[in-house]
Amino acid sequence: MVKTEEIRIKTGGNCQVVDITGQVTEAVARSGIRAGTATLFNIGSTAGITTTEYEPGLVNHDIRTAFERIAPENAGYEHEQTWHDDNGHSHVRASLLGPSLCVPVVQGQLTLGTWQQIILVDFDTRPRSRTIVCQIVGETAG
């Protein structure tokens with residue numbers, strides 16, 4: 001069985017970290033799937049999805065600082081020369097993080113650790129409306 005939902009989120013950009021665990025948990029519950037996988041995919045090229053411990057130090061400082069070291073905002077990007085915009089670093093950061101995540105579903109629950117949440121990181125330089133496809137594949141009994 002395959003169930004697909006869209007999760008829509010308004011973001012502020014600039015490396016904003018958004019906890020989407022609740023929306024994904026609700027989608028899994030609605031699906032009725034007891035054993036399988038939940039795949040999440042961000043539509044767009046300036047945000048990514050991963051897991052982390054959703055705590056203030058990480059979400060308000062550490063993640064942004066790490067990406068600033070890896071792909072600095074003001075480094076100068078060929079993308080910006082091509083499109084005359086300011087978000088070359090956003091594309092590089094999103095490419096490094098990746099647009100998707102797959103989480104096993106066991107006994108109707110996401111198999112996340114106690115301190116592990118699913119997050120969207122929006123790297124763009126302006127607020128955006130994000131769409132994440134949540135596709136749950138598996139069996140309803142098991």
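Tutor: Let's begin with patches: they are made of residues with over 30% relative accessible area and no salt bridge, where like charges are joined within 9 Å and nonpolar side chains (Val, Leu, Ile, Met, Phe, Trp, Tyr) within 5 Å. A salt bridge is a side-chain nitrogen of Lys or Arg within 4 Å of a carboxyl oxygen of Asp or Glu. Accessible areas come from the Shrake-Rupley method with a 1.4 Å probe, and for residues only the protein chains shown count as cover. Ile 70, Val 92 and Leu 96 make up a nonpolar patch of this kind on the surface, with about 270 Å² of accessible area together.
Two notes on the source: this is a predicted model, where local features need pLDDT of at least 70 and side-chain atom pairs count only at pLDDT 80 or more, while totals for chains, interfaces and linings use all residues. Residues are numbered from 1 along each chain as its sequence is written, and side-chain values use heavy atoms, with hydrogens and water left out.

Student: Why is Leu 96 called exposed?

Tutor: Exposed means over 50% relative accessible area, buried under 20%, and partly exposed in between (1.4 Å probe, protein chains only). Leu 96 has 53%, so the word "exposed" applies.

Student: What makes Lys 10 count as exposed?

Tutor: Its relative accessibility is 70%, so Lys 10 passes that cut-off too.

Student: How do you know which residues Lys 10 touches?

Tutor: Contact means heavy atoms within 4.5 Å. Leaving aside residues up to four places away in sequence, Lys 10 touches Arg 128 and Ser 129.

Student: What joins the side chains of Lys 10 and Ser 129?

Tutor: A polar contact of 3.1 Å. The term asks for a pair of N or O atoms within 3.5 Å; within protein, one must be able to donate a hydrogen and the other to accept it, and residues adjacent in sequence count only if both atoms are side-chain atoms.

Student: Is Cys 15 buried or exposed?

Tutor: Cys 15 has a relative accessible area of 5%, so it is buried. Cys 102, at 47%, is therefore called partly exposed.
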